[in-house]
Amino acid sequence: MALVTFLPNVWLGNTLQTKYFNHGSMTTKVLFVAGMVFTTSAFFVVRLLLVYNAGYAWAVDLLLGKMGSVSRVVLAVTLPPVVDAIQSIVLLSTGMELEPEAPPEQA
């Protein structure tokens with residue numbers, strides 16, 4: 001669920017970063033950062049609503065209830081860093097797009 005609700009942040013950053021942060025004024029940079037903070041916060045709330053109101057937490061609890069305690073601990077230790085790594089890779093890959101070079105100035 002964390003990966004799904006992270007995708008709007010990636011899309012927004014990918015769409016607006018070059019214009020409003022990389023090539024923007026100080027005002028647009030501050031607004032871009034504020035917009036990213038707002039988007040992150042809003043989709044965190046969406047994630048909570050989906051996890052608890054849509055039954056996702058209940059389904060995961062039911063699924064993990066059938067596993068042994070060692071398996072649950074292994075999943076609890078390994079899954080969050082894997083999700084963080086995937087999110088980081090997606091975010092870094094969007095920031096690595098090459099910008100077209102400006103044509104050389106003519107004298």
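**Glutamine 87.** I started with glutamine 87, which sits in helix 4 of this predicted model. Helices here are DSSP runs of H or I with at least four residues, strands are runs of E with at least two, and numbering goes from the N terminus. Is glutamine 87 buried or exposed? I get 14% relative accessibility, so glutamine 87 counts as buried. The cut-offs I use are under 20% relative accessible area for buried, over 50% for exposed and partly exposed in between, with a 1.4 Å probe and protein chains only. Setting aside residues up to four places away in sequence, I find glutamine 87 touching Ala2, Leu3 and Phe6 (contact means heavy atoms within 4.5 Å).

**Ground rules.** I number residues from 1 along each chain as its sequence is written, and side-chain values use heavy atoms, with hydrogens and water left out. As the model is a prediction, local features need pLDDT of at least 70 and side-chain atom pairs count only at pLDDT 80 or more, while totals for chains, interfaces and linings use all residues.

**Confidence.** pLDDT is the predictor's confidence in each residue, from 0 to 100. The protein chain averages 82, and 87% of its residues reach 70 or more.

**Leucine 75.** I stayed in helix 4 (residues 69–95) for leucine 75. Its relative accessibility is 33%, so I log leucine 75 as partly exposed. Leaving out neighbours within four places in sequence, leucine 75 contacts Leu64, Met67 and Pro80. Leucine 64 is eleven residues away in sequence, and the C-alpha to C-alpha distance is 9.5 Å.

**Helix 1.** Where is the kink in helix 1? Helix 1 (residues 2–22) bends by about 60 degrees, centred on leucine 16; the bend is the angle between axes fitted to the seven residues ending at a residue and the seven starting there. Buried residues in helix 1 include Thr5, Phe6 and Asn9.

**Helix 1 against helix 2.** The two axes come within 9 Å and cross at roughly 170 degrees. That is why I call helix 1 roughly antiparallel to helix 2. Among the contact residues are Leu16 and Tyr20 of helix 1, and Phe32 and Phe43 of helix 2. Axes are lines fitted to C-alpha atoms, for helices over the stretch in contact, with angles from 0 to 180 degrees between N-to-C directions. Under 35 degrees counts as roughly parallel, over 145 as roughly antiparallel, 65 to 115 as roughly perpendicular and the rest as oblique.
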